[in-house]
Amino acid sequence: MKSDCSTSAAPFRGLGGPLRSSEPVRAAPARSPAVDLLEEAADLLVVHLDFRAALETCERAWQSLANHALPEEPAGTSLEVKCSLCVVGIQALAEMDRWQEVLSWVLQYYQVPEKLPPKVLELCILLYSKMQEPRAVLDVVGAWLQDPANQDLPEYGALAEFHVQRVLLPLGCLSEAEELVVGSAAFGEERRLDVLQAIHTARQQQQQEHSGSEEAQKPNEEGSVSHKFLSLPMLVRQLWDSAVSHFFSLPFKKSLLAALILCLLVVRFDPASPSSLPFLYKLAQLFRWIRKAASSRLYQLRIRD
């Protein structure tokens, strides 16, 4: 009988020895409702592919964390739950093609970029760089990296390098990238040299593209200028032939007015300017001479007839 009692009490032995009848039974720590909602959101996302419901469940879990925080719950557990809710919510927004809302959706719960978990920030960088919009996270990641509290985190070096490769280099922010790599102690010597080499390569490509665009622009400008100079004499000649062909059929005043309009179009001088008066005087004399010559030519033709 004694052996039976000892055997039955064996499963209840804890750190303080056998459980006595006078000791209260230790209840299991209360489970946060946000944990259950997190599991439900993950199930909706992965199994049922109901992305909208998964996002709404994540938002209800965030509200539960704000309203029903358990005092006996470890702080690390709450942080892990929040980070996991962000991961599920980011995936749901991306699946619904609402990736533009990811950054604002995350920041509404963390308020400031400096408080974002490294995993969440990494997902934001990956998403926006994949969608060819790295500039959207430029300021957010920069603020996070400059915060002294984040510089002691073990993920700081990997996240800084990820920021250089995915954001700064594609945007052409080479000086900022170089300053970050040189000034941060999170980079090992080998990794620092590799990243600096990548920055140097990107700078060379940028210079080559710039010089190539300038060289390609020069022939186009020269071609357009030469085309203008070639087409201008042809235009003047056409206008002049047209004016001469109609000259003999127009009165003298109309011919003078037509020549004046032609000069305004081709020479582009100001007739009201004093410097234009000698030119107009010579133009009038030229037309009088042409008119006189044409009259004498017609008189000679009539005598011959």
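Biologist: What is Leu85 in contact with?

Modeller: Setting aside neighbours within four places in sequence, Leu85 contacts Leu38, Cys58, Ala61, Trp62, Leu65 and Trp105. Contact here is heavy atoms within 4.5 Å.

Biologist: And before I get carried away, what are the ground rules for this model?

Modeller: It's a predicted model, where local features need pLDDT of at least 70 and side-chain atom pairs count only at pLDDT 80 or more, while totals for chains, interfaces and linings use all residues. Residues are numbered from 1 along each chain as its sequence is written, and side-chain values use heavy atoms, with hydrogens and water left out.

Biologist: What's the mean pLDDT of the chain?

Modeller: The mean is 76, with 56% of the residues at 70 or more. Over residues 1–23 the pLDDT is below 50, and that stretch has four contacts in the model beyond near neighbours in sequence. pLDDT is the predictor's confidence in each residue, from 0 to 100.

Biologist: OK, fold next. How many helices and strands in the chain?

Modeller: There are 12 helices and zero strands. Both are DSSP runs numbered from the N terminus: helices are H or I with at least four residues, strands are E with at least two.

Biologist: Where does Gly89 sit, and what does it touch?

Modeller: Gly89 is in helix H4, and it is buried at 0% relative accessible area. Not counting residues up to four places away in sequence, Gly89 touches Leu55, Cys58 and Trp105. Its C-alpha is 7.2 Å from that of Ala54, 35 residues apart along the chain.

Biologist: How many disulfides does the structure hold?

Modeller: Zero, taking a disulfide as a pair of cysteine sulfur atoms within 2.5 Å. Cys83 is in none, and the nearest cysteine sulfur, that of Cys86, is 6.6 Å away.

Biologist: Is Cys83 buried or exposed?

Modeller: Cys83 counts as buried at 16% relative accessibility. Cys86 is buried too, at 0%.

Biologist: Switching to backbone: which phi value does Leu49 have?

Modeller: A positive one, about 55 degrees, although Leu49 is not a glycine. Most residues other than glycine have a negative phi. Leu49 lies in the loop between helix H2 (33–46) and helix H3 (51–67), and it is exposed at 53% relative accessible area.

Biologist: What about Asp97?

Modeller: Asp97 has a positive phi of about 60 degrees, and it isn't a glycine either. You'll find Asp97 in the loop between helix H4 (75–95) and helix H5 (102–110). At 56% relative accessibility, Asp97 counts as exposed.

Biologist: Last one: what share of the chain is buried?

Modeller: Of its 305 residues, 30% count as buried.

Methods
Buried means under 20% relative accessible area, exposed over 50%, partly exposed in between (1.4 Å probe, protein chains only).
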